[in-house]
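This report covers a sheet, a nonpolar core and a set of ring pairs. Please keep the sequence and structure in view while reading.

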Amino acid sequence: MYSPSYYGKKKGYQFVGWSKEPDGEPLQSFSNLTAENNGVVTLYAIWRGKEYYVYFSASTSSAEGLMPSVRYEYGTKFKFPPNAFTCAGKRFVGWTASSYPYDEVLFVDEEEVDDLDALIKDDWSWSLQVYAVWESIVPKPVLSSLYGLS
């Protein structure tokens, strides 16, 4: 027997096969599904979240460091790895999904989020880029004892 065709679509997921159980593993064979000839069998479509890769950008050429991409499965929790970028005179404050402007922080360092699904623009992309958001470090004023200040 052959595998039944399926032409449906589910955003962020890929069809991986049929199962006799709603949450079961895809069947490897479609023969002898029932004990009786011409018996009725209910099959369930099995979906798995597509794999995406999250890429990290330092957002500025003055930043140093490298961050490897991280695999993310659509529909699952995601934990941001610790930021590995540094930038002289700036403090890392989080991640955003837009390359410009860089000021809207969507995720803080090492934050765990329920999913990144809202950031995935279309069903054809297999990657997601996030950009570091930096703020300037304002030096604390040095009070001089010359003027009686301490």
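## Aromatic pairs

Tyr13 has a relative accessible area of 24%, so Tyr13 is classed as partly exposed. The model is predicted. Tyr74, at 9% relative accessibility, counts as buried because the limit for that class is under 20%.

In the whole structure, 12 aromatic pairs are found. One of them joins Tyr13 and Tyr74 edge-to-face, with 5.2 Å centre to centre and 80° between the planes. This pair links distant parts of the chain: Tyr13 lies in strand 1 (residues 13–19), while Tyr74 lies in the loop between strand 5 and strand 6 (78–79), 61 residues apart. Tyr72 and Phe78 also pair; their planes stand at 90° with ring centres 5.7 Å apart, so this pair too is edge-to-face. Tyr72 is buried at a relative accessible area of 2%, and Phe78 is buried at 3%.

Ring pairs also build a cluster, whose members are Phe56, Tyr72, Phe78, Phe80, Phe85, Phe92, Trp95, Phe107 and Trp134.

An open sheet is formed by four strands in the order 5-3-10-8, with mixed pairing. Strand 5 (70–73) and strand 8 (90–96) are the edge strands, each pairing on one side only. From one strand to the next, the twist averages 35°.

Strand 3 (residues 51–57) pairs with strand 5 in the antiparallel sense, over four bridges. Within this part of the sheet, Val54 is placed opposite Val70 of strand 5.

In soluble globular proteins, nonpolar side chains tend to be buried together. Here the largest nonpolar core has 23 residues, and those with the most contacts inside it are Val54, Phe56, Phe78, Phe80, Trp95 and Leu116. At least two residues of this core come from each of strand 3, strand 8 and strand 10 (127–136). Strand 10 gives the most, with four residues.

Beyond its neighbours within four places in sequence, Phe56 is in contact with Met67, Pro68, Val70, Phe78, Phe80, Pro81, Phe85, Trp95, Gln129 and Val130.

## Ser57

Is Ser57 buried or exposed? Ser57 has 17% relative accessibility and therefore counts as buried. Ser57 belongs to strand 3, and its side chain reaches the backbone nitrogen of Ser59 at 3.1 Å. With neighbours within four places in sequence left aside, the contacts of Ser57 are Phe85, Trp95, Gln129, Val130, Tyr131 and Ala132.

Conventions:
Residues are numbered from 1 along each chain as its sequence is written. This is a predicted model: local features need pLDDT of at least 70, side-chain atom pairs count only at pLDDT 80 or more; totals for chains, interfaces and linings use all residues. Side-chain values use heavy atoms; hydrogens and water are left out. Two strands pair if DSSP finds at least two bridges between them. Axes are lines fitted to C-alpha atoms, for helices over the stretch in contact, and angles run from 0 to 180 degrees between N-to-C directions. Buried means under 20% relative accessible area, exposed over 50%, partly exposed in between (1.4 Å probe, protein chains only). A polar contact is a pair of N or O atoms within 3.5 Å; within protein, one must be able to donate a hydrogen and the other to accept it, and residues adjacent in sequence count only if both atoms are side-chain atoms. Contact means heavy atoms within 4.5 Å. A nonpolar core is a set of buried Ala, Val, Leu, Ile, Met, Phe, Trp, Tyr and Cys residues joined through side-chain atoms within 4.5 Å. Rings of Phe, Tyr and Trp (its six-membered ring) pair if their centres lie within 6.5 Å; planes under 30 degrees apart count as stacked, over 60 as edge-to-face and the rest as tilted.
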